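The sequence and the model come first.

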Amino acid sequence: MRKGILQTLKFLTFLAVGIILLWFAFRNINFKSLSDGLKEADYAWLILSLIFSFFAYLSRSRRWILLIRPLGYRPSFKNTFLALMTGYLANLALPRIGELTRCVALGKKEKIPVDQLFGTVVIERTIDFFSLMIIMIIMIFLSGDAIALFIKESIFIPLQEKVFSLLGFTWVLWFVLILVSVLLLILLIGYRKRLQHIRLFAKMFDLARGIINGLKTITNLKRKSEFIFHTIFIWINYTLMTWVVVFAIESTSHITLGESVFLLVIGGLAMSAPIQSGLGAFHYIISRGLAFVEKINIEDGLVYAILAHESQLLFVAIIGTISFFIIFRKHSTPPPHP
């Protein structure tokens, strides 16, 4: 009961933050112009965008299998894909809960320890983060000053100010938390043999070992070249699914493939925010980014953001729901013969 209340409070908190960001994104907007832009959009391009995203999901499923195999398990591609999409569905409710959900789904279906699967997901997300950072750095070096200026003024400076503000006003609290954490870690390591006899600590140590085993899979990959191929292929499809949406709107149809990488980067940063599916954050940063760099009015920028975001959200909701019912369905056993 208590856990359910906490989950509900988390959901409502993140949702409230998303709604506030949506308000910031849509305030002072000419809704007549926004409505006309949505009516005049060519929605056929969204189908192509969804096809590219589907390719990315398939490739991501195969890449996850490559990370799992060093653990000694060989999950089927079908169940891995279903678990992945179930996780994306869960992220619509609570941000980042999908990472655990897909591990539970696949672990239950394929009899794989969930803690070890979680270690592989940590590796996967770390690689995705560094991939996005590499793309952003390359883009800043190859593109004009406007893109670098927007990222600096609209993302890094506000984030830096918030971090320094938080550290500045609560440095004593941070010091105490770090000190207590270090002391607890020393005690856990020093008395681990005694603590293993206590059931709670024994489970904690088992969980930590499982996650560490999952993290080690990156060093034991048998097919490193295939892993690298799928990582590159995933980001190529992400770029293409971002780019083709620009052709749905006349005012953005001049944006080239290279220029659309800017949208991929700032959109990826927005989607990483601790909000359900980047709700509000994606709309705000994409519309302002298009206005700042491409000189496109806010209304048309929001039309692009709505088309790109809501089409993917609907696609994940449909595929994720189907995947959830398939992977968690119970097979009825036939009645015994008389």
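Is R125 buried, partly exposed or exposed? R125 counts as partly exposed because its relative accessibility is 28%, where buried means under 20% relative accessible area, exposed over 50%, and partly exposed in between (1.4 Å probe, protein chains only).

## Basis of the model

The model is predicted: local features need pLDDT of at least 70, side-chain atom pairs count only at pLDDT 80 or more, and totals for chains, interfaces and linings use all residues. Residues are numbered from 1 along each chain as its sequence is written, and side-chain values use heavy atoms, with hydrogens and water left out.

## Fold

The chain has 14 helices and 0 strands; both are DSSP runs numbered from the N terminus (helices: H or I, at least four residues; strands: E, at least two). Of the 338 residues in the chain, 41% are buried.

A93 lies in the loop between helix 4 and helix 5. A93 is partly exposed because its relative accessible area is 37%. Between A93 and S277 there are 184 residues of separation in sequence, and 8.6 Å in space, C-alpha to C-alpha.

## Largest pocket

The largest pocket has a volume of about 1,100 Å³. A pocket here is found on a 1 Å grid over the protein atoms alone, as an open set of points where a 1.4 Å probe fits, with protein on both sides within 12 Å along at least five of seven lines; lining residues have an atom within 4 Å of a point. The volume is the space filled by probe spheres set on the points, which are joined across faces, edges and corners.

The lining has 39 residues, and those closest to the pocket centre are R125, Y238, G268, M271 and S272. By class, the lining holds 23 nonpolar, 11 polar and 5 charged residues. In this scheme Ala, Val, Leu, Ile, Met, Phe, Trp, Tyr, Cys and Pro are nonpolar, Asp, Glu, Lys and Arg are charged, and the others, Gly among them, are polar. Among the helices that each supply at least two lining residues are helix 3 (44-68), helix 11 (224-243) and helix 14 (298-327).

## Salt bridges

A salt bridge is a side-chain nitrogen of Lys or Arg within 4 Å of a carboxyl oxygen of Asp or Glu. The count by this rule is 10.

E99 pairs with R102 at 3.5 Å, N to O. Because E99 and R102 are 3 residues apart in helix 5 (residues 97-110), about one helical turn separates them. Both E99 and R102 are buried. R125 also forms a salt bridge with E99, at 3.1 Å, N to O. This pair links distant parts of the chain, with R125 in helix 6 and E99 in helix 5, 26 residues apart. E99 counts as buried because its relative accessibility is 7%.

E226 and R223 meet at 3.0 Å, N to O. E226 counts as buried, at 16% relative accessibility, whereas R223 counts as partly exposed, at 44%. Shared partners join R60, R63, E99, R102, E124, R125 and D128 into one salt-bridge network.

## Nonpolar surface patch

I134, I137, I138, F141 and L142 make a nonpolar surface patch of about 590 Å². I134 is in helix 6 (residues 114-142). Patch residues have over 30% relative accessible area and no salt bridge, with nonpolar side chains (Val, Leu, Ile, Met, Phe, Trp, Tyr) joined within 5 Å and like charges within 9 Å. Accessible areas come from the Shrake-Rupley method with a 1.4 Å probe; for residues, only the protein chains shown count as cover.
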